[in-house]
Protein chains: 2
Amino acid sequence: MTTKIYLPENEMPTHWYNVIADMPNPPSPYLGPDGKPVPPEAMLAIFPEALVMQEVSTERWIKIPDPVREALTMWRPSPLYRAHRLEKLLNTPAKIYYKNEAVSPAGSHKPNTAVAQAYYNQQAGIKRLSTETGAGQWGCSLALAGQIFGIDVRVYMVKISYEQKPYRRSMMQTWGAEVFASPTDMTESGRAILAAHPDSNGSLGIAISEAVEEAASRTDTNYALGSVLNHVLLHQTIIGLEAKKQLAMVGDYPDMIFAPCGGGSNFGGVAFPFLADNAAGKNVRLVAVEPTSCPTLTKGIYTYDYGDTAGLTPLMKMYTLGHDFMPPGIHAGGLRYHGESALVSQLYHEGLIEAVAVPQLETFAAGVLFAKSEGIIAAPESCHAIAATIREAQNCAKTGEAKTLLFNLSGHGHFDMTSYDRYLQGDLTDFDYPEEAIKESLAHLPKFG
Amino acid sequence: MTTKIYLPENEMPTHWYNVIADMPNPPSPYLGPDGKPVPPEAMLAIFPEALVMQEVSTERWIKIPDPVREALTMWRPSPLYRAHRLEKLLNTPAKIYYKNEAVSPAGSHKPNTAVAQAYYNQQAGIKRLSTETGAGQWGCSLALAGQIFGIDVRVYMVKISYEQKPYRRSMMQTWGAEVFASPTDMTESGRAILAAHPDSNGSLGIAISEAVEEAASRTDTNYALGSVLNHVLLHQTIIGLEAKKQLAMVGDYPDMIFAPCGGGSNFGGVAFPFLADNAAGKNVRLVAVEPTSCPTLTKGIYTYDYGDTAGLTPLMKMYTLGHDFMPPGIHAGGLRYHGESALVSQLYHEGLIEAVAVPQLETFAAGVLFAKSEGIIAAPESCHAIAATIREAQNCAKTGEAKTLLFNLSGHGHFDMTSYDRYLQGDLTDFDYPEEAIKESLAHLPKFG
């Protein structure tokens with residue numbers, strides 16, 4: 001009765017899977033402030049050509065460069081686990097598998113794309129990458145990747161996190177990155193904020209503005225984003241591609257797949273390769289799991305909106321709660337995003353994937369149950385997938401169906417123990433569905449598109 | 001060029017290796033306060049019979065019970081890594097391998113024995129285990145193990161750590177353990193300390209007294225120790241046994257093995273199985289690595305001393321700096337122990353193993369170098385082994401020898417980022433060899449034995 005299924009390193013996928021090749025309709029273009037499509041060339045100011053080409057590619061398979069594969073073997077292929085103990089605890093006939101992306105040095109799935117992005121930038125002669133980070137998951141991943149490919153990494157970290165979450169800052173610095181509490185006085189965006197609000201705690205929107213400004217203003221510097229964009233989701237498909245091979249090793253195939261969904265790279269990474277099978281006749285149910293307090297897919301609307309709070313990015317056609325929607329302070333920071341990947345949004349709109357929202361307390365209850373059975377303490381984001389999987393496994397216990405369930409354990413919770421502590425102390429609450437706030441922010445949507 | 005060598009679950013060792021079978025001389029007995037050997041029966045007040053029998057067994061191989069093996073597969077066999085990137089960075093002809101024990105849910109090698117101890121106690125009808133913990137590594141491991149086998153775990157956590165390191169406390173609680181800031185008012189030992197020092201920050205010695213008192217005073221409760229004792233080292237030999245198989249999978253065999261050495265279970269776990277090969281004619285150099293600030297093997301004396309500060313334990317013949325020696329506040333908390341496993345001590349005394357002491361700054365420099373090349377951020381304890389390995393690899397670079405080096409990466413540093421931060425900020429120092437303090441504590445050695 002094997003618990004962990006390891007794929008040999010030499011069987012790690014050689015190509016990423018591009019879901020665009022199997023979508024019934026082409027993706028809606030990104031639009032500029034004038035409502036006209038943004039030409040790919042416009043992205044070259046902050047991204048290398050190879051990534052811009054991936055962003056718009058319609059090729060089904062895109063080769064993973066050898067140096068990227070080699071870097072990925074530092075932790076990949078990641079193990080697939082059969083959750084025997086959780087199944088037993090739930091007394092369910094369902095078979096539960098999870099892909100463990102927490103084994104990366106940075107502790108989540110994010111380095112899968114960070115490594116690829118650092119490589120393509122290095123190949124393009126770029127010496128520095130700037131980026132933003134909230135709690136630090138993405139900043140850590142890019143710091144690690146920059147170290148691997150000899151690129152300096154400069155991270156604008158939201159000031160309140162910089163001060164309250166020093167552990168992830170120290171990790172970034174250990175990998176050699178420079179980390180700044182944003183807003184800084186190093187950029188015009190930062191100085192403008194500081195002039196108006198000298199005590200600003202910062203926000204992800206401000207940090208993005210600073211990082212993009214630095215990248216746009218220097219020829220040796222590019223910008224890197226950790227989710228949302230097509231090329232980011234592309235790099236994450238290695239998760240699902242590996243999982244498919246690993247399930248085949250034990251003669252299995254999933255009926256349903258669950259993944260947390262914030263910007264979409266976690267979900268797209270594990271789910272898209274199975275969507276290819278659906279296009280070829282299979283019928284895997286792909287379920288994006290989001291918080292009830294930030295219910296982008298389940299309560300948002302499908303329209304053109306900005307990717308950031310300040311409205312600096314191109315407009316993307318996506319499910320959105322409005323770009324100035326401020327989600328409640330839930331502990332799954334990676335899922336507090338008003339929008340959604342354009343690809344995930346379109347697939348949801350066309351009925352090819354599903355979405356479900358779960359409340360915060362249920363996610364932590366699921367995380368504790370998981371820790372007590374499987375041992376691993378999961379990130380709060382991952383607990384969303386665990387909660388949805390447990391719901392389905394409990395359904396199976398009632399109906400007697402022996403479904404095969406797969407979820408993405410996107411990261412560990414070692415830097416989220418304060419959240420677990422607050423849950424265990426009874427200090428956490430669920431949030432009412434923020435109907436008024438969503439209504440208000442949706443009133444600020446851009447008027448065209 | 002494989003990076004990670006995985007042993008299939010069904011090839012996980014079926015037996016632990018008992019080094020006593022291959023020692024040239026029998027181990028010196030534990031002595032009571034009267035200077036007479038402690039009969040094994042005396043240990044039954046706080047340990048189950050199976051563990052007491054293992055403590056004194058001379059059998060070379062001891063079967064791992066099936067439920068223990070099954071629990072160990074939650075994370076074992078642990079991967080063996082070839083440190084290609086570190087080798088390249090050091091430009092050394094040496095081959096460097098490391099066993100990654102950080103993959104356990106608790107993040108270190110400690111659960112290897114916690115799981116076995118919880119199992120044998122459950123089999124003996126024990127309902128509760130009490131133990132002490134400093135920074136929390138051992139407490140986490142026993143909390144996890146207790147959860148697996150349905151035993152309540154009660155952890156006396158040194159008060160200053162309870163307050164300053166809440167993350168590990170929360171982990172223990174997530175796995176269902178009760179955690180108390182020691183000294184408590186629940187035991188006579190605790191109350192006595194509080195009466196004399198109401199603001200006591202606690203100490204490991206006090207916490208041991210409280211945990212032992214609870215175990216000794218209740219028939220449903222036993223005590224569990226995370227290092228030092230023979231049965232603990234026995235359970236850890238699975239590390240070296242696996243490593244030997246994994247090296248054989250790639251046709252290799254070590255010339256030298258390095259492991260951090262505090263109480264001895266880390267070192268004994270990886271090194272003892274190779275000592276068996278030496279007894280059969282091989283010549284692997286086995287190197288225990290300790291801090292220069294707590295140089296038990298390299299500067300201590302070999303004599304009978306107490307295992308704890310207060311002098312409550314039996315006397316063990318071991319290398320010691322004196323049971324009331326207080327090591328400087330270095331950041332490798334697991335290596336701040338005045339004594340040493342009796343088995344490791346005797347083997348060192350008889351010249352079958354080696355020891356080296358490294359200063360704190362060198363260990364953190366090694367840890368940063370390791371993070372920048374291999375990605376993984378290691379525990380400060382593990383950084384001692386990394387530092388000694390790097391020294392040897394650099395020697396090889398000078399001499400041109402292509403030695404095969406193996407070290408035990410005993411844990412990750414996710415809960416030690418404050419220490420890395422202080423190192424990176426330049427706030428850490430080395431400590432002068434604490435000659436006067438050692439001289440003073442050695443003057444307090446018990447007079448017989």
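Strand 7 (residues 152–158) and strand 8 of chain A run parallel and are joined by five bridges; strands here are DSSP runs of E of at least two residues, helices are runs of H or I of at least four, and both are numbered from the N terminus. Two strands count as paired if DSSP finds at least two bridges between them. Along this pairing, Val158(A) stands opposite Ser182(A) of strand 8 in chain A. The model is predicted, so local features need pLDDT of at least 70 and side-chain atom pairs pLDDT 80 or more, while totals for chains, interfaces and linings use all residues. Residues are numbered from 1 along each chain as its sequence is written, chains are lettered from A in the order in which they are written, and side-chain values use heavy atoms, without hydrogens and water.

Now step back to the sheet. In chain A, four strands form an open, parallel sheet in the order 8-7-6-9. Strand 8 (178–182) and strand 9 (221–223) of chain A are at the edges with a single partner strand each, so one side of each has no neighbour in the sheet. From one strand to the next, the twist averages 25 degrees (axes are lines fitted to C-alpha atoms, for helices over the stretch in contact, and angles between N-to-C directions run from 0 to 180 degrees).

Finally, look at both chains. A rotation of 180 degrees with 0.0 Å of shift along its axis superposes chain A on chain B, with RMSD 0.0 Å (by least squares on C-alpha atoms of residues with pLDDT of at least 70 in both copies). The two copies are thus related as by a two-fold rotation axis.
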